[in-house]
Amino acid sequence: MQKFPSANKRTVLQSILLRAMKVQATDPTGGAQPRAPALALGGMHSAKDVLEKAARAALSVAEMRCRRLFEAAREGVLLLHPGTRKITDANPFMSELLGPTREEFVGKELWEIGLLQDRQACRKMFRALRKKHFVRYEDLPLQNPTGRTREVEVVANFFEEVACPVVQCNVRDITDRKRIQQELMAAKHEISRQAVELQEKVAEHTVQLRQTIREMESFSYSVSHDMRSPLSAMRGFAEILLADYSTHLGADGIKYLEKIDAAAGRLDTLIQEVLAYTLVFRGELKLEPVDLEDLVRQVIETYPQLQTSQVEIQIEGALPKVMGTEASLLQCLSNLLTNAAKFVAPGVKARVKIRARPLAGDIRLWVEDNGIGIAQGDQARIFQMFARVKHPTAYEGTGLGLAIARKAVERMGGQLGVESEVGQGSRFWIQLKGVNL
């Protein structure tokens, strides 16, 4: 068991005795009556003996506790003399860490056991300790007798006690911590490398995909456009036959020619809508303020099917401006309004209401009708190409109008949706960025 120097013990005893004498001097009884029988019987010498004995017992307990902590510590602890720089004590973990016994450590300097490079480095550390009372070294490689290298961290503190100044060095084994840090760093570098590689591949594939899309758009546009020429010729010849040779064809021949002309007309409409769908993706859109009030009235005045007595259109309140392109919005609104007028039950007057409401910086335009409605399961499908909703009553259409409208709205940075129930009408909405909201 390590013992405190006798000089230190004397200092502690003297301090205790002085405090005891001070207490006795300030006793309100004036010291005439002893505070305990032992003092009365033995006088000051007996009191001094009792206090010395108590102090020695307290020191003994403190030494025992310190020794237990010193020996049980799971990191190396070295005690050094600040004057000679030599080790005066080492705990068992130092032997476990480096190999030498306590006796082999005692009397050596730090550089002699491999903690510092040389005597000059050791002196430099002690100069720093006297100035700052604290020094820390990281990533110090130590090699034990078996040749195994350990990474250690050394924290040195200088305790400048009156009786016995001491330097305490705590040596921590950070080999596993450094290994984990290196593995994490390597993993980080690998992830970064893979991220860069993935980004390059994505960029390359994106370029290829865009090129493919452009080629498909060009092909679709060319085919759709070129198909209209022979189709126009077919319709032209059918009209000539009906005009010039109807008397020679008979009723059946005329009926067949009329069916050919009607089928060609539907095909021409379909080709035009395919072209319109293709054009939605071509070129850049320049967004600018568009007056919804003017645009809606323009659509109503342009399409004859919206001007009959069987269609009633009501604009509720003023319609604001939105950010978009006039051509695309014209296409969307014409589709929604003509659908609202067309998809009503037979014999029912179509009633269409148009209104707009602000919504978190956007404008949502509603087109509400009293039509046949759309089943819940069909509401997502109607925005797909060539999608048609089955209904007992046949309605003309190509199944492209809503697909074109949604793509156009999305390209303008907006959304298009529907709320509907079968037999209860539909409420289509377009949401775009508002102007000066």
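Me: What should I know about the model before we start?
Reply: It is a predicted model, where local features need pLDDT of at least 70, side-chain atom pairs count only at pLDDT 80 or more, and totals for chains, interfaces and linings use all residues. Residues are numbered from 1 along each chain as its sequence is written, and side-chain values use heavy atoms, with hydrogens and water left out.

Me: Which residues of helix α8 are buried?
Reply: Leu 292, Glu 293, Leu 295, Val 296, Val 299 and Ile 300, in a helix that runs over residues 292-302. Buried means under 20% relative accessible area, exposed over 50%, and partly exposed in between (1.4 Å probe, protein chains only). Helices (H or I, at least four residues) and strands (E, at least two) are DSSP runs, numbered from the N terminus.

Me: And what covers those α8 residues?
Reply: The cover includes β6 (288-291), β7 (311-315), β8 (321-324), α9 (326-342), β9 (350-359) and β10 (362-369). Contact here means heavy atoms within 4.5 Å.

Me: What caps the N-terminal end of α8?
Reply: Asp 291 does, with a side-chain oxygen 2.9 Å from the backbone nitrogen of Glu 293.

Me: Now α9. How many of its residues are buried?
Reply: 12 of 17, so α9 is mostly covered. Among the buried ones are Leu 329, Cys 332, Asn 335 and Ala 341.

Me: How far does α9 reach?
Reply: From first C-alpha to last, α9 reaches 24 Å, close to the 24 Å expected. The expected span is 1.5 Å times one less than the number of residues.

Me: Changing topic: how many salt bridges are there in the whole structure?
Reply: A search finds 22, counting a side-chain nitrogen of Lys or Arg within 4 Å of a carboxyl oxygen of Asp or Glu.

Me: What does Arg 136 pair with?
Reply: Glu 153, with the closest N and O atoms 2.5 Å apart. Arg 136 lies in strand β3 and Glu 153 in strand β4, so the pair ties together parts 17 residues apart in sequence.

Me: Are those two buried or partly exposed?
Reply: Arg 136 is partly exposed at 47% relative accessibility, while Glu 153 is buried at 4%.

Me: Which residue pairs with Glu 312?
Reply: Arg 351, at 3.8 Å between the closest N and O atoms. Glu 312 is in strand β7 and Arg 351 in strand β9, so parts 39 residues apart in sequence are tied together.

Me: Which residues do shared partners join into one network?
Reply: Glu 75, Arg 136, Glu 153, Arg 172 and Arg 177.

Terms used: Polar contact = N/O pair within 3.5 Å; in protein donor to acceptor, adjacent residues only side chain to side chain.
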